[in-house]
2 protein chains.
Amino acid sequence: MSRPPNIIFIGKKPIMTYVNATLTLLANEPTVTIKARGKSITTAVDVSQMIVKRLDAMGYKITNVRIFSDRMTSLDGRERNVSTMEIDVSRTKNE
Amino acid sequence: MSRPPNIIFIGKKPIMTYVNATLTLLANEPTVTIKARGKSITTAVDVSQMIVKRLDAMGYKITNVRIFSDRMTSLDGRERNVSTMEIDVSRTKNE
C-alpha cells in the first residue's frame, strides 16, 4: 500500500521544511497528519504549534493527537517498540 | 496555586523514575497527567507507552493527549513559546 497523500513524516530536515510542506498540503486537503517516531516527536509538536500559533489568522487547528507504539526492526535485526505520534491539523475555514 | 497532585512532570531523571512515579500515583488517583515541555516530550510519550504496553494486563489506558504552547521566560529574560504536552493515563479497572 502506498503512503496516503495527506501525511507529513518528520525527519532530520530543518523545521521550516515540514511547516511549509504541511501548509502546502493543507491548501488542497482539509486535514493533514504530521507523523513522527522517537526523538522526532518533539519536532512534530513544534511544527504543529508553529502552524496553529503563528498562522492563527489563517484558521488552522489541531483536531486530533494520537500516540502509540510501532513495532520496528532495527539495523541489527532485532524488533523493538518505537513511540509514535500523529497530529491532525485541519483547516477551520475555506479559503 | 499549588500544583495539582495528579501531575507527573517529566525532567532529566531516568525514564523508570517517571514510570514508577506515575504508577504509584495511579494507585490512588483514577487519572494521572504526564506533562513535559520541549525535548522531554519524547520521554513523556515513552513513559506512557511503557505503562500501557508492558503493563497492559493491569488495565491502564491513554484517555487524552493535549499539545499546546506555554509562554516561558528564558534565562536571558526573553519570552518565548515552548511546546508542551499533557498525556492523561487512567485506570480501566478498580483493583
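A residue is buried if 20 or more other C-beta atoms lie within 10 Å of its own, exposed if 12 or fewer, and partly exposed in between, with C-beta atoms placed from the backbone. This is a predicted model: local features need pLDDT of at least 70, side-chain atom pairs count only at pLDDT 80 or more, and totals for chains, interfaces and linings use all residues. Residues are numbered from 1 along each chain as its sequence is written, while chains are lettered from A and ligands numbered from 1 in the order in which they are written.

**Chain A overall**

- Chain A has two helices and four strands, where helices (H or I, at least four residues) and strands (E, at least two) are DSSP runs numbered from the N terminus.
- Along the sequence, these elements of chain A follow the pattern β-α-β-α-β-β.
- Of the 95 residues in chain A, 29% are buried.
- I34(A) touches I8(A), I10(A), T22(A), A44(A), V47(A), S48(A), I87(A) and V89(A), leaving aside residues up to four places away in sequence; a contact needs C-beta atoms, placed from the backbone, within 7 Å.
- Among the contacts in chain A with a separation of 6 or more, 65% are between residues 24 or more positions apart.

**Helix α1 of chain A**

- Helix α1(A) covers residues 15-26, twelve in number, and reaches 17 Å from its first C-alpha to its last, close to the 16 Å expected; the expected span is 1.5 Å times one less than the number of residues.
- Its buried residues are Y18(A), V19(A), T22(A) and L26(A).
- Seen down the axis of α1(A), these buried residues fall within an arc of 105°, so they line one face of the helix; the arc is that of the directions from the helix axis to the C-beta atoms.
- The face of α1(A) turned away from the buried side carries the exposed residues M16(A) and T24(A).

**The sheet of chain A**

- Four strands of chain A form an open sheet in the order β1-β2-β4-β3, with mixed pairing; two strands pair if DSSP finds at least two bridges between them.
- The edge strands are β1 (7-9) and β3 (60-73) of chain A, each of which pairs on one side only.
- The twist averages 20° from one strand to the next, with axes as lines fitted to C-alpha atoms (for helices over the stretch in contact) and angles running from 0 to 180 degrees between N-to-C directions.
- Strands β2 (residues 31-37) and β4 (residues 79-91) of chain A run antiparallel and are joined by seven bridges; one of the bridge pairs is T31(A) with S90(A) in β4(A).

**The hairpin of chain B**

- In chain B, 13 bridges join the antiparallel strands β3 (residues 60-73) and β4 (residues 79-91).
- Among the bridge partners are V65(B) with I87(B), and R66(B) with E86(B).
- Five residues lie between β3(B) and β4(B) in this hairpin, and G77(B) in the turn has a positive phi of about 90°.

**Where the chains meet**

- 17 residues of chain B are in contact with 17 residues of chain A.
- On the side of chain B that touches chain A, the elements giving two or more residues are α2 (41-54), β3 and β4 of chain B.
- α2(B) gives the most to that side, with seven residues.

Key:
Two residues are in contact if their C-beta atoms, placed from the backbone, lie within 7 Å.
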